Amino acid sequence: MKKFSLFCSAALLLLLSTTVSAQRPDARTSVSDLYGLKIESGDSLVFCRTIPFLAAPVSKRENTVRVRNGADETIPVGSPARTLYLLGMINDGWDSGLAHWGEHFELRETREDQVQIGTSIGEIEIRYADGSSDRIPMIVGSTIWFFNQWKNPSHNAGRVIREPFASRPEYMQVLRDALQVRETGEYMEAGDSYRAYYLPVTPRELPIESIVVHNNTEKRGEILISGITLQLPRGAKPTERLTAFGKRTVMKGDLQPAFATDDIPDFGPKLEALSDILYTSLDDLPKKVERIDFPQGFKGTGIRFLSDSVEGDMLSNIWVANLTNIDEKFDPATGCFYETGVGSPFYGGYQGIGTWEPIGIYREPYSRTSDHYVRQALRCIDNPQRLTSYVDYCDKWLYFYRADRDPQNGPDNGPIDVSKYPKDAPPHWAFVMNGPAAIPYEINEIPGDEEMEGHSSTIVSRWFAWKQLGKPTGEWLTETRDSVYRKSRWQSTKDATDFICWLLDYTGRDVVYSEGEFTGWAAKFSKISQIPKNMDTEIDPRKIRDNYANCDMYEVYASYTSMTALLCSAEMAEAMGDTALAEKYRAYAERIRGGMLRMLAVGPDHDRMWRVARNSVLPSLQDCLVQAWFSLYREGLDPQRMDEDLTPITRHTLRRQLNQRYGDTPVLGMGYGIGWLTHSALVLDQMDNAGRLLVSIARYTYDKNMNYADSTRGIDWRKWMWIIPEGANIMPDGRWYRICDLSNGANQGPAMNALEICAGVDDSRDDRVRLLPRIPDPLNGLEVTGARVMTRSGDRLESATIDYAYRRGQRFTLRCDKPVPALDIRFGPYTGQAEADRIAEAVRAKGGADVRVERSGSFHGQPAYWVWIENITGTQNYEVETPGL
């Protein structure tokens, strides 16, 4: 594959350099009529391909002759030219496809950040001495091209991001036909962007007074002309501002002009052909999908989404492909849960242009991904080894942050100043689990980062692994581990949970301080920072406490997950017989709960909502809905069982989040955006919104270019066709492309959790299993196989496997591999109470269970009603055939 990629890259460069001339473009010739225009004193001789220029990076310009007038820039020329060679030809200052998540453009009315093929960023005007002029449109994909991604991608990728062009010769030809600029080199350093491209044009046979750059002020960035070389007409004498390049050997193809400035071709058809290749539209969605299945030998939960529309099969394939991918990147032997799969396509960062390269960027585990996709692997994939190895892997890295360097006590913590670490602080996990010192800068006086969302999520997922093992209290929990510094799993549970208690007391707050992406790294260097000045260097204990009282680093995400972690650990303490510790943890959890209600909800009492983190990097700020999407661990999937004081606030918050300008397509973050929002809408029974959001997950996961294979060259991108991307960029015309990291666990997991919620298998209570299938339009049914549940059998917690099939309005069938002590099933939704009452009465007449009707959420614009069949005891098979169910 590597050899193939190198071949394709070389072929691509050759094609891009080819001209329409019949002569060989790499044939060389000797010329003596090339002159560089002296524009600034800081310039030097540079080459773009074989054409010489006098140019300087923007940052090194000195004594320039450029004249600025608002958004326009004028460069005096004062000479005729047979051919003009314009160096630069990038959108300088905004060489990106879109803005980073942290600018929250999905919430804005205008999108000056989006730049794609066909975007006009302005014009170049050639003014002649007689007063006439020609204007060259500066169009991305024709007379302007990208440098970032194409030559210097983000995230230290180390390779250019050029698929699908590199694999498809016919695509390379379309790109060659569209681009009028010529390029040099492959991978280039960021500082070389000013000399990567040039545009050769034929001006009129008149003296050129000046070249004027007219920038499009409705788009970010500016047209860059970093250098100008003139090929003088025969017999023309150079002016004093022209520097002769002397006799030069150049490639003939490099000299060839792209077009004449007084006869500019219509770029439109070629640009449309190019954009049709790179972007996906609704018309590109498959009309029919061949469903995929798990690999042979794979044991896991299957969910098939039934629908008369293609999105049902698309969601089914998304479930299978991503659960398989999660299994591949979560090593059961070591317990390491890699963020990205090996060779996973990388779409060039958060500001990509639609191209990609199979390189897999994030090979670290992130602590908050313990919730995002780890839980799914622990429950939905049958691999008992992983339950233990995950816990042990996490516990090893728990002990990085400590006040000593003794290798007997934890991993090498050389990067931190242990003298500044509080002597009484318990250990904690960090943003990057196996790279805990990987932070941009210090925020408070404690070395490293206290990303409490990740720390608390890891505690909860450890508890979840313990539950999947049957909640053991013997050796599994109490034996010491040589690989984890002679700590038992129970000791690590206490150490990690004690850190939450310690941090609350240390800060003196009833909500949880947290550093990281969700508090925007404190916006430390912004005009209005979230922390007091010099918070990271303060040593006076009184002033330290004052700093925590006066900083803005407390959000609902960290607080709710920390509260849940305390309650999970309290349950483990109870199981271990330590009731005093259990009560302590519950008291701290209640402290956080009260703090959230007092300090983190905003608005009048009748319509309170969770506050939005002001500098969170998440694109549409769905972390404020944490109660809805994190409640599945302890409160389950029934909104009526959720906290009676917190839940109304979350419902109001969901209403706000559903009524933003992004509508049903907050897909810039597939997990942190639409994944969390879909999960929340489902759990709170907002079925109309949930249905449209599920359709968006299906659509905007899709990239038509992944439906490609060529066995003769060993190429097959189909493995990645249904993998959830980190995000998607929807352009003004409705087309889209994936961005950043394919198989990114932090975004893959929340979107997958939303799909799992549709199946509605809830074993949050040990005494019963509850099924709450959610089937919003356009879905009409579900088939669930191998759903693993934990349920009480005597004094033990045992696992069982459930299969069920349900078509809305038709029959329901359930099979279990062993009797379930108690089973509750909720059916619906129904748009009227009369319909629900009729169905309930028909079921009630059969006997054998309790039946009731409940109102929750909305469906078809009306209040939604549900029919509960409860207390079905000792069942292994169950069927309902009531008409209308």
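**Backbone exceptions in the loops**

Ala522 lies in the loop between α10 (489-507) and α11 (541-549). In this predicted model, the phi of Ala522 is near 70 degrees, which is a positive value in a residue other than glycine. Ala522 is, moreover, buried, its relative accessible area being 0%, and it counts as buried because that class is defined by a relative accessible area under 20%.

A positive phi, of about 60 degrees, is also found at Arg486, although Arg486 is not a glycine. The position of Arg486 is again in a loop, here the one between β20 (480-481) and β21 (487-488).

Most residues other than glycine have a negative phi, and most peptide bonds are trans. Glu163 and Pro164 are joined by a cis peptide bond, for which omega is about 10 degrees, and Pro164 is placed in the loop that runs between β9 (133-139) and α2 (169-178). A cis peptide bond likewise joins Asp777 and Pro778, with omega of about 10 degrees; Pro778 is situated in the loop between β29 (769-771) and β30 (779-793).

Notes
Residues are numbered from 1 along each chain as its sequence is written. This is a predicted model: local features need pLDDT of at least 70, side-chain atom pairs count only at pLDDT 80 or more; totals for chains, interfaces and linings use all residues. Side-chain values use heavy atoms; hydrogens and water are left out. Helices (H or I, at least four residues) and strands (E, at least two) are DSSP runs, numbered from the N terminus. Buried means under 20% relative accessible area, exposed over 50%, partly exposed in between (1.4 Å probe, protein chains only).
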